[in-house]
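The following exercises concern the fold of a single chain and the surroundings of selected residues. Each task is followed by a solution in steps.

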Amino acid sequence: GTSLDNAIDQIETALECGMTLIDTADVDGFIPLGSAEPAFGAAEELLGKVFAEVPELRSQLVLATKGGVFPPLPYDSSADYLRQACDASLYRLGVDVIDLYQIHRPDLLAHPAEVAEVLSELREAGKVREVGVSNYSPSQIRALQSYLDFPIVSTQVELSLLALHPIGDGSLDLAVEFGMTPLAWSPLGGGRLMGDVTGNRALAVVEVCDRIASELGVPRSAVMLSWLLYLPAG
């Protein structure tokens, strides 16, 4: 686990580097049964302790979290569950409002009208400022947006030089059309593009990136992140 002092150092360093969006999720920190004691909500709880220890950090960042995944169930975006999940996140984080609340994964059994109703309710109650989605397809976003009278402001997609599908499946195009900010998760391939790289495709990507990095005198990761930031979806 991460100590409180280490967590504070990480948040302060991120802010010093201009990384003002701090994104977590209620399921982050969960350890599968059989390996250790499960700790649902552990990441939010630790972040809440950071805010309690250094309160001024809260106003310096955009606080984002996610709900809708509760092991061992698959995904749950029912109105009752999302209400409970959001309240629990607020409690663990020790805050009155979440700046960006995101549906973590699309629940195929939840009608978008029901999801929209509870998101509207949470926003009107002042518990969340803005809403976003994570791992939604373009058509799923359109369906949800059709029931909302305010915009979905962000969409989280897996995007890296090993995961190019958001470019071809319309995810980034829809972000441009709707004015959503794309948030890339695993931008370095979940670590597969760093350290001891294996696999023909990853090795080929790393070879090109290392050549460019050598020419520019920068780390490999800088080349990969610069490529991502250069995409016109922003």
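**Exercise 1. Describe the overall fold of the chain.**

Step 1. The secondary structure of the chain comprises nine helices and six strands, where helices (H or I, at least four residues) and strands (E, at least two) are DSSP runs numbered from the N terminus.

Step 2. The radius of gyration, taken over C-alpha atoms, is 19 Å, close to the 17 Å that the globule rule gives for 234 residues, so the chain is as compact as a globular protein of that length. The rule itself is 2.2 Å times the number of residues to the power 0.38.

Step 3. Along the principal axes, the C-alpha atoms fill a box of roughly 55 × 40 × 40 Å.

Step 4. Of the 234 residues, 43% are buried (under 20% relative accessible area, with a 1.4 Å probe and protein chains only). Among contacts (heavy atoms within 4.5 Å) between residues at least 6 apart in sequence, 70% join residues at least 24 apart.

The model is predicted: local features need pLDDT of at least 70 and side-chain atom pairs pLDDT 80 or more, whereas totals for chains, interfaces and linings use all residues. Residues are numbered from 1 along each chain as its sequence is written, and side-chain values use heavy atoms, with hydrogens and water left out.

**Exercise 2. Determine how α3 and α4 are arranged.**

Step 1. The axes of α3 (residues 79-93) and α4 (residues 112-124) come within 9 Å and cross at roughly 30°. Such axes are lines fitted to C-alpha atoms over the stretch in contact, with angles from 0 to 180 degrees between N-to-C directions.

Step 2. The two helices are therefore roughly parallel to each other, the class for angles under 35 degrees.

Step 3. The contact is formed by A79, L82, R83 and C86 of α3 together with E114, V115, V118, E121 and L122 of α4.

Step 4. By class, this contact has six nonpolar, no polar and three charged residues. Here Ala, Val, Leu, Ile, Met, Phe, Trp, Tyr, Cys and Pro count as nonpolar, Asp, Glu, Lys and Arg as charged, and the others, Gly among them, as polar.

**Exercise 3. Characterise the surroundings of S89 and S154.**

Step 1. S89 lies in helix α3 and, at 0% relative accessibility, counts as buried.

Step 2. Leaving aside residues up to four places away in sequence, S89 touches D26, E44, T65 and I98.

Step 3. S154 is placed in strand β5 (residues 154-158); at 3% relative accessibility, S154 counts as buried.

Step 4. With the exclusion of residues up to four places away in sequence, the contacts of S154 include L100, Q102, V131 and M180. S154 and V131 are 23 residues apart in sequence, with a C-alpha to C-alpha distance of 7.3 Å.

Note on methods. Parallel < 35°, antiparallel > 145°, perpendicular 65-115°, else oblique. Buried < 20%, exposed > 50% of the residue type's maximum accessible area, 1.4 Å probe, protein only.
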